[in-house]
Number of protein chains: 4
Amino acid sequence: MLEELKKEVYEANMLLPKYGLVTFTWGNVSGIDREKGLFVIKPSGVDYDKLTPDDMVVMDLEGNRVEGTLNPSSDTKTHLILYNRFPKIGGVVHTHSPWATSWAQAGRDIPCYGTTHADYIYGSVPCARNLNEEELKNYEWNTGVLIADLFEERKLDPMAVPCVLCKNHGPFTWGKDAHEAVHNAVVLEEVAKMAARCEMINPDVKEAPQCLQDKHYLRKHGPGAYYGQGNL
Amino acid sequence: MLEELKKEVYEANMLLPKYGLVTFTWGNVSGIDREKGLFVIKPSGVDYDKLTPDDMVVMDLEGNRVEGTLNPSSDTKTHLILYNRFPKIGGVVHTHSPWATSWAQAGRDIPCYGTTHADYIYGSVPCARNLNEEELKNYEWNTGVLIADLFEERKLDPMAVPCVLCKNHGPFTWGKDAHEAVHNAVVLEEVAKMAARCEMINPDVKEAPQCLQDKHYLRKHGPGAYYGQGNL
Amino acid sequence: MLEELKKEVYEANMLLPKYGLVTFTWGNVSGIDREKGLFVIKPSGVDYDKLTPDDMVVMDLEGNRVEGTLNPSSDTKTHLILYNRFPKIGGVVHTHSPWATSWAQAGRDIPCYGTTHADYIYGSVPCARNLNEEELKNYEWNTGVLIADLFEERKLDPMAVPCVLCKNHGPFTWGKDAHEAVHNAVVLEEVAKMAARCEMINPDVKEAPQCLQDKHYLRKHGPGAYYGQGNL
Amino acid sequence: MLEELKKEVYEANMLLPKYGLVTFTWGNVSGIDREKGLFVIKPSGVDYDKLTPDDMVVMDLEGNRVEGTLNPSSDTKTHLILYNRFPKIGGVVHTHSPWATSWAQAGRDIPCYGTTHADYIYGSVPCARNLNEEELKNYEWNTGVLIADLFEERKLDPMAVPCVLCKNHGPFTWGKDAHEAVHNAVVLEEVAKMAARCEMINPDVKEAPQCLQDKHYLRKHGPGAYYGQGNL
């Protein structure tokens, strides 16, 4: 069942240790088959060097395990809500990558200080507030709801802002598929690192001008994009 | 004698360089057989790339060498006191891992800024004061006494707070066995790194709300835990 | 066509991931044949582990692609302007290396704090201002013009100051050929890292005395140089 | 001639890239045969991956090249002065290792904040002032003189303080032989890193108490030392 997608999600999971984004099992990747309405996710707490494609767990969008013997990632409900609320995304990643997590712990949006950020993320990386005691009772579910509500409130397009920080916790990223979601997790970690250092070098630094942000984002995205090799 | 435990403690020691926690010989791991009342510890000052399981030294809880020709770690008496005073622990680690040591040198507790910390450590990582001139005469022994007294004073459960910083020195961590003690040493280093960066990003940062700390710690520990695969 | 130069530029490109200067495809190297008036550059958005010498694109100094089927780097026009305005340079590098980019985002020149800097770069590393909205319409072209104009205004010799920061963007470096340009990109990243840490350690730090800067630069460059093995 | 020593010095040089202390050729190690009054040093500007034991250059203590076809390290005169003025040392290292160099650029002594430092270095790591314009005329020679004079002025024992920072330049370390000098270069880099981070975590941090510094230094050095395996 969904063998292709399981392989793809497995490979995307294995990129997390490759790119230095996870310690132990502190991360998970999922990918969705929109036609079937099923998504595939890493099992909970399984070491990356023991993981196989067959360990992947298949879930439906109501949160039922459809295939697999292992428990799905403890963050599965957050993935589920993101798939439900962001209909264009095809993959989701959660990590505790150190720089992005440091910003999340600091409880701050990451301002756009340069083109590395602007090439992939349109505007600041938003930081979602903490859940309150009531919301914590259904923690992972409400984490997803909080993220999606924040994007609605701020009128953010999840395809233009493919990431979020959850206060005192860490980042979630997404993309058109599991691989792009991992790609964005790497970008976010680099952007978080350089933004922190940039503020250290110049505490009065201002965000990049809007016209530069527009230019760089549109150089890579949309009908006028001219970066790369087109459909190569 | 205790061949299984010697192998286990040897392997746990070898994880220290693997995880980047030690420079030269600045670290040691021990593990205890509670039934026999004997513990196994790394010899002092032996290079990790020359270490073998047979080099491990067997000690009793009065501090006598029971087996082995090499001198035990110079920190052996600290391990001994921790085994005596914390009856549930099965392994102890000491390193000079750079971020945890920087906090120890700074003489500060590490506040709980996020869920990476809360998943493993309940509340702040305590920092024990310096020994005075009198206490320094039996340095390693009194280091252990100071740690255990601090846990009593602050009413901390060593199984819920599996680590401590010794001021101007470095961290000790522990766990149910030698491997878990090393695992906690890795966690502590990540947590120390992210807490320092988090304060750099937001000097006015506050600790994570207590309800979030409770939620995350209990997600992984205790009867209601739902992270991972149970007994897998 | 230009097989030797294509190989050289390919190899110089492959040094960027080796030295940890690029994430994904965030960098490009070119090299020029001054006699033929042609330069060779990395194709746009191609992964380093898939790159071959044959993928290199040959351009003339009017910006026409003379050989190659792939699109040249999106930064090609900046390279072109630098070759036109700095007639002694033979290679150009652009990266988003993290420390240099953090300074670029901070919008500050990098002061010369020591001999590591002075050995290669005479005086501060200049930071060029942002382009305005009008200039952004021909972004990469005007980036080159802005850099060259800045060197004229400040009366800087591009052979003595082989690098620049572009505000909110990142560094460009150059040299007598593609390899030396990469060498200078590595130097700049080290210098940027140590300057940031140096200011962290001593916020009141002053630049190295002019006489020391002169001494070190001339120890390696010009007729009285005595570092190294001469023509070895 | 001195084949054993050349091999030893070669191997010690090769440890610099292994421990991440050098970029390109920014470092050199020498070792001395006190009976013959000759020392062996790395040639200037030769890449580490091309270096062989036969490339090592043999010098006498008047600064004459006794054997070898390559130019000795440009810092040779500094090594020479240190051998002349510090009669117990057997090896000298110079690097631009990033954290130690950041302190040197910052122009500050490194205070002793903990036992990692106290285990190897008794008291602060001293930072020598800049040379003036006159002294710069015989730069490398006067660098050595300045270091040795500083140790005399401050009444420091070079065997107890096996390192120095040269303002706006970088560190020199030494030891009983070339390998110990490299060992101390690694220690210094770790100590410099942790001291900088420690001040970031607690800007009001104080030095470790003198009694702790004494205890740790004497645990490893002198007649009462009990760390390690004795003569193993």
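**Chain C and its two neighbours**

Across the interface of chain C and chain A the rule finds 0 salt bridges, a salt bridge being a side-chain nitrogen of Lys or Arg within 4 Å of a carboxyl oxygen of Asp or Glu. This is a predicted model, in which local features need pLDDT of at least 70, side-chain atom pairs count only at pLDDT 80 or more, and totals for chains, interfaces and linings use all residues. Residues are numbered from 1 along each chain as its sequence is written, chains are lettered from A in the order in which they are written, and side-chain values use heavy atoms, without hydrogens and water.

Between chain C and chain A, 7 residue pairs are in polar contact, both residues at pLDDT 80 or more. A polar contact is a pair of N or O atoms within 3.5 Å; within protein, one must be able to donate a hydrogen and the other to accept it, and residues adjacent in sequence count only if both atoms are side-chain atoms. On the side of chain C that touches chain A, the elements giving two or more residues are helix 3 (98-106), helix 5 (133-136), helix 6 (139-153) and helix 7; helices here are DSSP runs (H or I, at least four residues) numbered from the N terminus. Helix 3 of chain C gives the most, with 7 residues.

The contact (heavy atoms within 4.5 Å) takes 33 residues from chain C and 34 residues from chain A. These two chains bury about 2900 Å² between them, with 58% of it on carbon and sulfur atoms. Buried area is the accessible area (1.4 Å probe) that two parts lose on being put together, summed over both. Phe24(C), Trp26(C) and Gln105(C) supply 23% of the area that chain C buries against chain A, more than any other three residues.

The other neighbour is chain D. Its contact with chain C takes 34 residues from chain C and 32 residues from chain D, and the area buried is about 2900 Å², of which carbon and sulfur atoms give 58%. Here too the rule finds 0 salt bridges, along with 7 residue pairs in polar contact. Helix 4 (115-118), helix 7 (178-201) and helix 8 (210-220) of chain C each give two or more residues to this side, and helix 7 gives the most, with 11 residues.

Chain C can be laid on chain D with an RMSD of 0.0 Å by a turn of 90° and a shift of 0.0 Å along the axis, after least-squares superposition on the C-alpha atoms of residues with pLDDT of at least 70 in both. The two copies are therefore related as by a four-fold rotation axis. In chain C, the C-alpha of Met200(C) is nearest the axis, 5.6 Å from it.
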